[in-house]
Amino acid sequence: QVQLVESGGGLVQAGGSLRLSCAASGRIWRSNAMGWYRQGPVKQREVVATITSGGATNYADSVKGRFTISRDVAKNTVSLQMGDLKPEDTGVYYCNADGVRETFYSSPMDYWGKGTLVTVSS
C-alpha cells in the first residue's frame with residue numbers, strides 16, 4: 001500500500017515560518033506530480049503548490065514569493081517551506097501524490113495524506 005504522512009504543522013505567529021514535510025511509503029514505481037493542498041475553516045480545499053518529477057513548480061497566487069515547494073524523487077518526499085505566514089494561511093495542509101503506479105502493471109492512482117494543521121495567529 002502507498003501512504004502519505006505529513007508533518008511539521010503547528011502554531012506560529014504572523015510573519016513566522018514553518019516547514020512541512022511529506023513522506024510517501026509503499027511500493028512506488030512511478031508518480032507524476034506531488035503537491036500541497038489546504039482547507040481553511042470556511043474554504044474548500046485548494047491547491048497551494050505542486051511539483052512534477054522533473055522539478056516544474058506551480059504556486060497559488062496567494063503564496064507566490066512566500067512558499068517554496070521541493071521534492072526528492074529518489075526518497076519519495078516533498079516539502080513546503082512557508083515564510084511570512086499570514087492568518088489567512090491557517091488551515092489543514094494535505095499532501096497529494098498524483099498518478100502513482102506501484103508497478104509497471106499498475107494503474108495510476110492518486111493518494112492523499114491525512115493532513116497537518118497550520119495555525120497562524122495575529
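Q: Which residue does Asp 89 form a salt bridge with?
A: Asp 89 pairs with Arg 38, and the closest N and O atoms are 2.9 Å apart. A salt bridge here is a side-chain nitrogen of Lys or Arg within 4 Å of a carboxyl oxygen of Asp or Glu. Side chains of opposite charge can pair when their charged atoms come close.

Q: Before we go on, what kind of model is this?
A: This is a predicted model, where local features need pLDDT of at least 70, side-chain atom pairs count only at pLDDT 80 or more, and totals for chains, interfaces and linings use all residues. Residues are numbered from 1 along each chain as its sequence is written, and side-chain values use heavy atoms, with hydrogens and water left out.

Q: Back to Asp 89 and Arg 38: where in the chain are they?
A: Asp 89 is in the loop between strand 8 and strand 9, while Arg 38 is in strand 4, so the pair links distant parts of the chain, 51 residues apart. Strands (E, at least two residues) and helices (H or I, at least four) are DSSP runs, numbered from the N terminus.

Q: Are Asp 89 and Arg 38 buried or exposed?
A: Both are buried. Buried means under 20% relative accessible area, exposed means over 50%, and partly exposed is in between (1.4 Å probe, protein chains only). Arg 38 counts as buried because its relative accessible area is 5%.

Q: How many salt bridges are there in total?
A: The count comes to 4. One of them joins Glu 46 and Arg 38, at 3.0 Å from N to O. Glu 46 has a relative accessible area of 29%, so Glu 46 is partly exposed. Another joins Asp 61 and Lys 64, with the closest N and O atoms 3.2 Å apart. Asp 61 is exposed because its relative accessibility is 66%, and Lys 64 is partly exposed because its value is 49%.

Q: Which residues do shared partners join into one network?
A: Arg 38, Glu 46, Arg 66 and Asp 89 are joined by salt bridges that share partners.

Q: New topic! How many disulfides does the structure hold?
A: There is 1, between Cys 22 and Cys 95, with the sulfur atoms 2.1 Å apart. The pair links distant parts of the chain: Cys 22 is in strand 3 and Cys 95 is in strand 9, 73 residues apart. The rule for a disulfide is a pair of cysteine sulfur atoms within 2.5 Å. A disulfide is a covalent bond between the sulfur atoms of two cysteines.

Q: Is that link left-handed or right-handed?
A: The link of Cys 22 and Cys 95 is left-handed, with -85° about the S-S bond. Both cysteines are buried.

Q: What about the largest nonpolar core, how many residues does it have?
A: It has 28 residues, and those with the most contacts inside it are Trp 36, Leu 80, Met 82 and Tyr 93. Strands that each supply at least two residues of this core include strand 4 (33-39), strand 8 (77-82) and strand 9 (91-100). A nonpolar core is a set of buried Ala, Val, Leu, Ile, Met, Phe, Trp, Tyr and Cys residues joined through side-chain atoms within 4.5 Å. In soluble globular proteins, nonpolar side chains tend to be buried together.

Q: What is Tyr 93 in contact with?
A: Leaving aside neighbours within four places in sequence, Tyr 93 has contacts that include Trp 36, Arg 38, Phe 67, Leu 80 and Met 82. Contact means heavy atoms within 4.5 Å.

Q: And Phe 67, is it buried or exposed?
A: Phe 67 is buried because its relative accessibility is 3%. Phe 67 lies in strand 7, and beyond its neighbours within four places in sequence its contacts include Arg 38, Asp 89 and Tyr 93.

Q: Which residues make the nonpolar surface patch?
A: Trp 29, Phe 104 and Tyr 105 make it, and it covers about 440 Å². Patches use residues with over 30% relative accessible area and no salt bridge, joining like charges within 9 Å and nonpolar side chains (Val, Leu, Ile, Met, Phe, Trp, Tyr) within 5 Å. Accessible areas come from the Shrake-Rupley method with a 1.4 Å probe, and for residues only the protein chains shown count as cover.

Q: Where is Phe 104 found?
A: Phe 104 is in the loop between strand 9 and strand 10 (109-112). Phe 104 counts as exposed because its relative accessibility is 55%.

Q: Last one: which phi does Asn 76 have, positive or negative?
A: Asn 76 has a positive phi of about 55°, although it is not a glycine. Asn 76 sits in the loop between strand 7 and strand 8.
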